Every structure is written in structure tokens, then in C-alpha cells.
Amino acid sequence: MTPADAYRAKLVTPDAAMAGIAAGANVAMGMAVAEPPALLAALARRVETGTLAGFNLWYFHSLFHAGETVLRYELLDRIRPHCMFLTAIERELIRRGDAEGRRPIEFVPTAFSDAPRLLSSQVALDAFIVTVSPMDRHGWFTFGTANDYATTAARAAKRLIVEVNPRMPRVFGESLLHVSEVDAIVEHETPLPDLAFPPPAPEDDAIAARIAAMIEDGACLQMGIGQIPNAVCARLHDRRDLGIHTELLTPALARLIADGAVTNRRKATYPGRSVFTFAMGDRDFYAFLDDNPSLHSAPVHIVNDPRHIAKNDGVVSVNATLEVDLSGACNSEHLLGRQYSGSGGQLDFVRGARASRGGKSIIACASTARNGTVSRIVPALNGPVTTPRNDVHMIVTEYGVADLTGKTLRARAEALVAIAHPAFREALSRAIP
């Protein structure tokens with residue numbers, strides 16, 4: 001049977017593809033841009049019509065397709081989401097649930113790098129559903145924007161159903177999927193999520209200027225999500241021979257590649273290629289990803305492995321946090337008594353950058369929150385420890401840089417007070433142990 005014959009034999013409607021999902025099944029979905037909208041809508045219809053009593057949904061980082069289908073509040077008495085990284089969608093569902101005494105979302109604390117192991121050996125996956133790029137003449141799809149846990153979950157699940165979207169970019173790297181591995185195929189063309197990145201606030205711009213000044217020619221970059229990493233990238237276009245080994249690939253990083261600031265010449269791993277595990281952006285960004293041999297997509301358990309990260313010299317990791325205590329420990333996932341996001345890959349890149357020869361691990365945050373009424377540098381954390389004090393290297397606010405390496409607890413606290421907002425420094429000084 002030729003690849004084309006196999007493709008035609010497996011081509012079904014979304015409703016037919018989802019007909020085999022049984023009550024209580026464990027279903028994992030592709031994350032972020034790789035959410036399969038037609039398959040998710042078909043699953044939601046089955047629950048609405050009563051032909052599916054309910055199922056467990058496993059995933060990282062939802063976007064609006066899931067929010068409009070399987071993550072609708074009225075369905076969450078039958079659909080049980082097991083989420084490993086919350087977005088605004090889950091935060092709103094949790095808020096509504098709290099008001100009614102319900103728990104619509106089950107949060108699963110998991111490092112991003114451990115998601116493949118969780119979904120392949122600790123959860124018995126009945127099905128994995130994901131958007132892929134179109135098949136080539138040799139029978140190969142790619143996972144496009146989302147390698148992450150997809151390449152592992154796809155092979156671990158009892159049933160693999162793919163949604164082919166011609167707008168999903170075809171990527172290079174460890175992202176290939178052969179038609180022989182697929183149980184059912186659905187075709188559905190729809191625009192990929194066009195994600196806007198708002199301009200940085202003045203304090204974010206000031207933080208970005210401090211961070212950019214620490215990034216030298218030849219550095220290997222990992223940038224988190226948000227205004228600060230984007231603003232840092234905007235200041236690096238005059239650098240030479242930068243490299244990229246990052247969890248998330250963004251338009252800001254893509255512009256550095258397109259402008260020639262990134263060459264990846266000095267990297268020890270995948271020289272000449274920018275490594276990533278998932279990507280989010282806009283239409284022009286997805287066009288940049290498509291058929292671009294300078295990009296290398298790899299699974300998250302490889303990309304986020306600190307041992308692998310540290311093989312490159314001069315790794316600079318830039319991530320954000322919500323609050324820092326006076327010992328340097330960071331809470332980057334819990335806010336106002338509730339889970340806000342997740343640990344993601346922050347700790348992996350903190351450790352990888354620290355272990356890199358000449359590396360810098362930078363955690364950034366504005367000095368205050370809630371319009372200046374709350375300090376982000378606090379005597380004690382109000383949530384879990386995302387990055388332990390033992391691992392933290394540098395904290396940056398708009399008021400300066402605190403390098404905590406080798407400092408005593410008291411010296412750490414003094415360094416952090418010095419970069420806190422002036423309105424809170426006196427109270428923080430009194431709290432120094």
C-alpha cells in the first residue's frame with residue numbers, strides 16, 4: 001500500500017474519529033497551536049448529546065479552541081481536565097468553580113520536561129489527538145509547532161488521531177510522523193492562532209535593558225514568554241553569532257535569526273540550527289517556521305534536559321517570576337492563593353544555564369504588582385517554590401541586578417532589598433533574618 005493509499009484509507013470525519021472514545025478514557029491533546037479544533041469540537045458534541053458520559057483530558061497550555069469546546073464550564077461535570085500549566089482559560093474556570101463550590105480543573109504539578117514520561121508511563125493513554133502538517137509524498141507528517149510531549153504521547157497512546165491543517169508549518173528536526181503510525185486522519189483547514197504580544201511596560205523595558213547589557217556575542221539564548229523576553233530580544237540585533245536553544249520559539253527570536261544576529265555557529269549541540277520544542281506567534285511567524293532548515297524541533301525531554309542545555313557554552317536563560325523571597329527562592333506559578341500557571345521548564349533552564357561554561361541564569365520581575373501597591377520581593381513566599389534558592393543565580397528588577405552566587409543568607413537579602421521598589425525597602429530591611 002502506498003502512503004497515499006494508506007492516507008485515503010484512514011481519512012474519516014471528525015465525528016467518526018471520535019466515535020471510538022469510551023467513557024472514562026484518558027485522552028491527551030496537542031498543546032497550544034497544535035490543539036486540534038475539529039476533533040475537540042467533535043468530542044464536545046459527544047458529551048453534549050450524551051453519547052459520551054465523560055473522559056479525562058490531559059494537556060499543557062490550552063488556547064481558545066479548547067476553551068470553546070472541551071473546556072466549556074458547563075461540560076466540566078463530565079469532562080475532567082488534568083492540566084499541567086494553567087492559562088487565562090483555566091484561571092477563569094477555577095474562579096467560576098470557586099464561586100459555586102466546584103473544582104472544574106485538576107491541576108497536575110509537573111515539570112514540562114517530565115510530561116513525556118508522565119503521559120507514556122504513568123497515564124494509560126487511550127487516545128492522543130493533535131494537529132499536524134500535511135503529509136509529504138513519502139508518507140511523513142510533522143508535528144509542526146508542537147513537538148514537546150507530542151512525539152512521545154503519540155507513540156504511547158493506544159489510538160493516534162491527527163488533524164491535518166495545511167496551515168500548520170512543516171518543520172525540520174525530530175518531528176516526523178509516518179502515516180503507518182496513525183489510526184485515523186481528519187482534514188480541517190483553519191487559521192492558526194494569531195497571538196499578539198503587547199508592548200512592554202516602562203519597568204519591563206528598564207529590566208530588558210539591564211538584561212540585554214549582560215548578553216555578549218556568541219551567547220546561546222533561552223527566552224521565556226512575555227514582554228520582558230521580547231524586549232530583551234529587541235535590543236540584541238547588533239549582536240553577532242548568537243545561538244538559540246529554547247523551550248519556546250517566538251517571533252522576537254525569529255527576528256534575530258532573520259536579521260543575522262543568530263547564526264548558531266558557536267554551539268556545541270546542533271551547530272547552525274536554532275533548537276526549540278514548541279512555538280507560538282502570528283501568521284508571518286508560522287510562515288518563517290515552514291520548511292526552514294535552520295530550525296530544529298526536538299522533544300521537550302531533550303530540549304529541557306539541563307545536562308543537554310549545559311553542553312553549550314555561554315547559555316543565557318531569561319525567565320519571569322511572580323515573587324522572590326529574601327533568600328532568593330522564586331514562586332513563578334502561584335498568585336493570590338491560587339495556582340496561576342505552572343512550573344513549566346523554568347528550573348530546567350536555570351540549572352542548565354548555571355552548569356554552562358560562562359552561562360547566566362536570569363530571573364526577572366518588576367519590583368511591584370497591583371499598580372505599585374505590592375512588592376514582588378517579599379520576606380516569605382506566598383506560594384510554592386518554583387526555583388529553589390540554591391539554584392537561583394541572578395534576579396533583575398528595574399532597580400538593578402542581584403547576583404546571589406556564593407552569598408550568605410543575609411547578603412542575599414541585602415542584595416534583594418537593594419533592587420526592591422524604594423517604597424518597600426525599609427520594611428524588607430526589618431525582615432532580614
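Tutor: Let's start with a term: buried means under 20% relative accessible area, exposed over 50%, and partly exposed in between, with a 1.4 Å probe and protein chains only. This is a predicted model, where local features need pLDDT of at least 70, side-chain atom pairs count only at pLDDT 80 or more, and totals for chains, interfaces and linings use all residues. Residues are numbered from 1 along each chain as its sequence is written, and side-chain values use heavy atoms, with hydrogens and water left out.

Student: Why is C365 called buried?

Tutor: C365 has a relative accessible area of 3%, which is under 20%, so C365 counts as buried. C330 is buried too, with a value of 0%.

Student: How do you know that the count of disulfides comes to zero?

Tutor: A disulfide is a pair of cysteine sulfur atoms within 2.5 Å. The closest cysteine sulfur to that of C330 is in C365, 7.4 Å away, so they are too far for a bond. By this rule, there are zero disulfides.

Student: What makes helix 8 and helix 9 oblique to each other?

Tutor: Helix 8 (residues 202-212) and helix 9 (residues 227-234) pack at an angle of about 50°, with axes 8 Å apart. Angles under 35 degrees count as roughly parallel, over 145 as roughly antiparallel, 65 to 115 as roughly perpendicular and the rest as oblique. The pair is therefore oblique.

Student: Which residues of helix 9 make the contact with helix 8?

Tutor: On helix 9 they are Q227, I228, A231 and V232, where contact means heavy atoms within 4.5 Å.

Notes
Axes are lines fitted to C-alpha atoms, for helices over the stretch in contact, and angles run from 0 to 180 degrees between N-to-C directions. Helices (H or I, at least four residues) and strands (E, at least two) are DSSP runs, numbered from the N terminus.
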